Amino acid sequence: MTAADAKKGKETELAKKRRARVIDRLLAAAHPDAHCELDYSNPLELAVATILSAQCTDVRVNLTTPALFARYRDAADYADANPEDVEEIIRPTGFYRNKTRSIIGLGKALVEHHGGKLPEGMDDLVKLPGIGRKTANVIRGNAFGVPGITVDTHMIRITNRLKLVDGKDPVKLEFQLQKLVEPREWTMFSHRIIFHGRRVCIARKPACGACTLAAQCPSFGEGPTDPAEAAKLLKGDNVDELIRLAGIEHAVGA
Ligand code: SF4
């Protein structure tokens, strides 16, 4: 019963690795459509959308980017942009002055050092304005097909609740998780955890009693364990399937 061992802090590294892989498989079944929820059609658009997503919902970013992407089509367009014009478009995403600086700076750096194209390498990406490891992993994983673990607020919260990691430092967590999850799963594991964080293991009140990871989670009970109460907390468009996978359909009358 490795979740119990994890709760007591007695889990071996091998047992933790096995539990991480079981968790990944359960998440794959619960969120088969997990994907990057930002809209984009090329690596530069994904980089810009990811910069805009800081402290903002993906839904809000997706409402904002069509006008931005229609007006600024490549790195040179951003490099030459008037900051006030960019600010006006991206204002709804918050922190718009900083984000404008990052986006225009990104355009300039790409034109000056990379022939206007986004580089693939982590070392090159993290030197670009507005791009840290989190954004670089999103770009590499989704636009270039290079496996990467994205450590955002959902990843930090959930992997700590699952006691797969210890601490909140994103870079340390990324390396801890790399040892637990197979490299070919890194990008999808990230999407699945983020989906789980938005639909089940919600920050304020996790739906423990309706969670398919319950038997694998040392933090079961952090949210309501009553199936009917927990089921009401589930979000998204596949709630019925989440209830079925949690085996609580009779308890909630679904
Ligand atoms: S059992 Fe609760 S705390 Fe654990 S992953 Fe599920 S919802 Fe989150």
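Which residues does the UniProt annotation "domain: HhH-GPD" cover? In the unreviewed entry, this annotation spans residues 52-199. UniProt positions follow the numbering used here, feature names are shortened, and annotations may be inferred rather than shown by experiment. As for that numbering, residues are counted from 1 along each chain as its sequence is written. Please keep in mind that this is a predicted model, in which local features need pLDDT of at least 70, side-chain atom pairs count only at pLDDT 80 or more, and totals for chains, interfaces and linings use all residues.

Helices (H or I, at least four residues) and strands (E, at least two) are DSSP runs, numbered from the N terminus.

Now follow the chain to the cysteines. The UniProt annotation "binding site", also from an unreviewed entry, covers C201, C208, C211 and C217. These residues are spread over 17 residues of sequence, yet they cluster in space, with a largest C-alpha distance of 11.0 Å.

Take C201 to begin with, which sits in the loop between α12 (186-199) and α13 (227-231). C201 is buried because 25 other C-beta atoms lie within 10 Å; the term buried asks for 20 or more other C-beta atoms within 10 Å of a residue's own, exposed means 12 or fewer, and partly exposed is in between, with C-beta atoms placed from the backbone. Leaving aside neighbours within four places in sequence, C201 is in contact (C-beta atoms, placed from the backbone, within 7 Å) with I158, R161, H196, P206 and C211.

C211 is found in the loop between α12 and α13 too. With 26 C-beta neighbours inside 10 Å, C211 counts as buried. Not counting residues up to four places away in sequence, its contacts are V200, C201, C217 and A246.

What surrounds the ligand? There are 15 residues around it, and C201, P206, C208, C211 and C217 come nearest; a residue is near a molecule or strand if its C-beta atom, placed from the backbone, lies within 6 Å of it. By class, this shell has 11 nonpolar, two polar and two charged residues. Here Ala, Val, Leu, Ile, Met, Phe, Trp, Tyr, Cys and Pro count as nonpolar, Asp, Glu, Lys and Arg as charged, and the others, Gly among them, as polar.

Finally, look at P224 in the loop between α12 and α13. P224 is partly exposed, with 18 other C-beta atoms within 10 Å. Setting aside neighbours within four places in sequence, P224 is in contact with C208, G209, E229 and A230.

Key
Contact = placed C-beta atoms within 7 Å.
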